[in-house]
Amino acid sequence: MTEVRPTAAASTASLWERGEEVAAVERAVDTLCADRASSGSVLVLRGEAGFGKTALLAETRRIAERRGCTVWSARGGETLRSVPFNVVRQLLQPALVSLMPEEAREYLGDWYDIAGPALGIADPGERQADPQGVCDGLVAAVRRLAKRDWPLVLLIDDAHWADQETLQWLAAFAERLDDLSVLVVVARRNGDVSGESARLLDTVAAASGRPVATLSALTPDATAGLTRATLGAHADAPFCREVWAVTGGNPYETVELLAKVRDSELQPTESAAAELRDLNRSARGGGLVARLEELGIDATRFAWAAAILGTGISVGLVARLATMRRDDAVRCAELLRTARILTEPDPANGPADEGDLEFVHPLIASAVYDSIPDALRTAMHGIAAQVVTDSGLGAAAASRHLLQVHPDDDEELVEQLREAAREHLAVGAPDAARRCLERALLEPPDPAVHARVLYELGCATLLTAPAKTIGHLQTALAITGLDDDERVDAVVRLSQALLHNNQLEEAVRAVEAEAARHEPGPAKLRLQAVHYMWEGVHAQESSSPGRSESLAALARTCTGRDNSERALLILRGFDAMTHGENAEEVAELCDRALVNGRLAPGLGWTDTEWGIELLLMLATAYAYTDRLDRAEALYSEGLRTYESAGWSGGHLALAHAYVGLAHRRRGRLREAETSLRESLRLAERVGRGLPLYWTATCNLVDTLLARGHVEEAWSIAGQYGFAPPYPSTIVLPDPRSVRGRLLLAVGRTKEGINELEAAEKAAAARGHHNPVLVPWAVDLARALATEDPTRAAQLATDVRRHAERFGTDTAVGEALRCAAALETGQRAVRLAAQAVAYLEASPCQYEHAAARVEYGIAARSTAELNRGLALARSCGADGLVARAREVLETGRGLR
């Protein structure tokens, strides 16, 4: 194996027998520097503690800087894992420090207000930040800065101790290096990580596309070479062999042991080899603690305080924490440097404040921290929290110390933790907020605020852990402490958590039970509206008999004077639309829910009082009543709002899906496919099986079928599980109808008919008679035209009756298209002509194109076929284009 000969054995010992790894680094750096357009890459180094990961990163820095690269570096810390964005802030510090505030805003653009608070360079906004949006903002921030600083190398040491928010960013960033020329080198231990952090590190490793470099212990030959390089060529073979046996070939322990040998002036001969084990014990674990105690109580207190701080260790700060005079602290710092416990940071690893210190090795930091007596460690964390707070850094910065303080009925501590949680939520770190609030509960809080802490904890975990949210909010509601408004809000949030946890029936019951406790008034009206909303999105049979009638009766009393009344008007409009009631009345109900044609204050897309479901119901009611201008305006407003606010989780996925639905309704099939693919990409990150995932998949399959891309639609359905069982919430358009049409398109006619008949039963149970929203009957009639023409004709008649009741041009035109498909001769021509007349007035251009082509074929009209062909091309309906061209090219019987 190629051996790297260190010029200073003590500093580069860990590069012995690391030739392959160094060569891999050199190749990666050469590739990075060769072409600004080259793809980025990831190198992952794994090894036990002391196996030389840090030394390899230092060598990577030297190699990169010799080739003119910019290098940013950061390191995780064992006691700092609870500090959100700690490592990514370290990483970006050189770039951020070099930028003026206005320059940072210019480079980060729209992401400044989203990622800036997480990086500590901007104040948080008024609303709780979306964690996924912040993660995406950090990815965008690093990508933009990386383009400025090419060629750029990112070094992350001790990634197993990185905070989870950094790991989420790192995993997302590593997966997006195809078009960004950056080298990322990550060092981590084999163990010391589990759960979500382990999954994220595995994602990073998978993104590298190359085997992980696993470092091994030094061989006896390498240990002998290192020993002689340190102590002299006269070190004999038995002595060198014993060094290897004592250290197990661990490079760090080898270096420390050899330093002890040199300091003790022990001769490297066989006769002295027996003393190596005692020397080795003094370099680690209990021996290190004993050595620390030998330096005196002041030095020990200084080391303990440094270990408590973990980072940003300065003599002045340690003196305050250890309650010692400045000159004593300076003396202790020098003692600890001489004893190789503390050292000054390597300037090559980035800027450091004057007087900063760090532990020589993480193993030493861990040993010192663990040696602090439990009670004293707890007390020192309490003092550290006060020091941080007095420094004006805020409750969030102090929270990692507050988490370690022993519970003691401290009301002030509870308030500090609640404030820290609010600060964490404001920058997009809900897990950090959860830890603070869970710790506050252990204090415990005063009974007067206990329920509020539980409520705040439930709000903090709503998007990330709905199952836990349910327990927190149920407990909060079971005890006293919430005022009426807080209690109503807690019940609404509980119902949202139950919905996200696929417990829709429980959500309905929770709201219904709370509404029964209230006298008529705004609170009861809000709860009733939420109750009707959850029943309205339930895909099964209505939860309560006569629901539509009671909703209609309640809506008749509403004038739209407040948001509860506006919500009820929207819900009534959506319910009427799904049931196929008169479209004009549906639109009038929805219009009354607006204020001067716009959403009312408190009913915006990011307002949490009502949620996204209500606004999607409003926009969708417009979409299916041929008011596509209003629907598109609302969907687009939602998308813009979520993008500008940095909400890139489930809300943004749904926004893209419904923008895609609007494009599909309008007949812009290419644009619809683009939006829906983006929705599906975002939905994949949130998790499969959720309603938003079904919405994206169902609409994409429907759009691909409209385009005539049948094989691709079938592939998407298989890849993303678009098959029974269906979700418990409504998906638009109806997934059974779409899947039935898909099965017919791929030639599985019997299965398609069965699926459409299942859609018929489900629609009947819900009273959904809107033939555009739930179009099973149209496809089933066409499928049965030959096998059962009588039933097909009856279905076509029923579709037309429901369409005329609903009254939109699209519904009537589609019903006439269905009827024409079942007829022949002049009757088919007349019906097809009527269908064209209605659909020409409709905003749905794909359906208009299809009607034109079908009319052209029925009437044998070249002119109509050409008009249909032009419309189909503009829509991106490739299947329709092919059908029209085939008839035109054949030309048989055309006029």
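Q: What makes strand 1 and strand 5 a pair, and in which sense do they pair?
A: Strand 1 and strand 5 (residues 213–214) are joined by two bridges, in the parallel sense. Two strands pair if DSSP finds at least two bridges between them, so two bridges are enough here. One of the contacts is that of R46, whose bridge partner in strand 5 is T214. This is a predicted model, in which local features need pLDDT of at least 70 and side-chain atom pairs count only at pLDDT 80 or more, while totals for chains, interfaces and linings use all residues. Residues are numbered from 1 along each chain as its sequence is written, and side-chain values use heavy atoms, with hydrogens and water left out.

Q: How many bridges join strand 1 to strand 4?
A: Six bridges, in the parallel sense, join strand 1 to strand 4 (residues 182–188). L43 lies opposite V185 of strand 4.

Q: Why are strand 2 and strand 5 placed at the edges of their sheet?
A: The open sheet has five strands in the order 2-3-4-1-5, with parallel pairing. Strand 2 (70–75) and strand 5 each have a single partner strand, so one side of each lacks a neighbour in the sheet.

Q: What makes strand 1 mostly covered?
A: Five of the six residues in strand 1 (residues 41–46) are buried. Buried means under 20% relative accessible area, exposed over 50%, and partly exposed in between (1.4 Å probe, protein chains only). Of the 895 residues in the protein chain, 57% count as buried.

Q: Which order and pairing does the sheet of three strands have?
A: This open sheet has the order 6-8-7 and antiparallel pairing. Strand 6 (313–314) and strand 7 (342–343) are its edge strands, each pairing on one side only. Strand 7 and strand 8 (residues 356–359) run antiparallel and are joined by two bridges. L342 has F359 in strand 8 as its bridge partner.

Q: How many helices and strands does the protein chain have?
A: The chain has 45 helices and eight strands. Both are DSSP runs numbered from the N terminus: helices are H or I with at least four residues, strands are E with at least two.

Q: Why is the contact of R452 with E486 called a salt bridge?
A: The closest N and O atoms of R452 and E486 are 3.2 Å apart. A salt bridge is a side-chain nitrogen of Lys or Arg within 4 Å of a carboxyl oxygen of Asp or Glu, so this pair qualifies. R452 is in helix 23 (residues 447–460) and E486 in helix 25 (residues 484–500), 34 residues apart. The structure holds 64 salt bridges.

Q: Is E632 buried or exposed?
A: E632 has 15% relative accessibility and therefore counts as buried. E632 forms a salt bridge with R668, their closest N and O atoms being 2.0 Å apart. E632 is in helix 32 (residues 628–645), whereas R668 is in the loop between helix 33 (650–666) and helix 34 (669–686), 36 residues away. R668, at 27%, counts as partly exposed.

Q: Why does R707 count as buried?
A: R707 has a relative accessible area of 10%, so it is buried. The side chain of R707 meets that of E673 in a salt bridge (2.8 Å, N to O). R707 is in helix 35 (residues 691–707) and E673 in helix 34, 34 residues apart. E673 also counts as buried, at 12% relative accessibility.

Q: What joins D298, R301, R325, D327, D328 and R331 into one network?
A: Salt bridges with shared partners join these residues.

Q: Which residues gather in the surface patch of negative charge?
A: D408, D409, D410, E411, E412 and D446 gather there. Patch members have over 30% relative accessible area and no salt bridge, and like charges are joined within 9 Å (nonpolar side chains, namely Val, Leu, Ile, Met, Phe, Trp and Tyr, within 5 Å). E411, in helix 21 (residues 411–426), is exposed because its relative accessible area is 51%.

Notes: Accessible areas come from the Shrake-Rupley method with a 1.4 Å probe; for residues, only the protein chains shown count as cover. Lys and Arg count as positive and Asp and Glu as negative; His and the chain ends are not counted. The place of a charge is taken as NZ of Lys, CZ of Arg, CG of Asp or CD of Glu.
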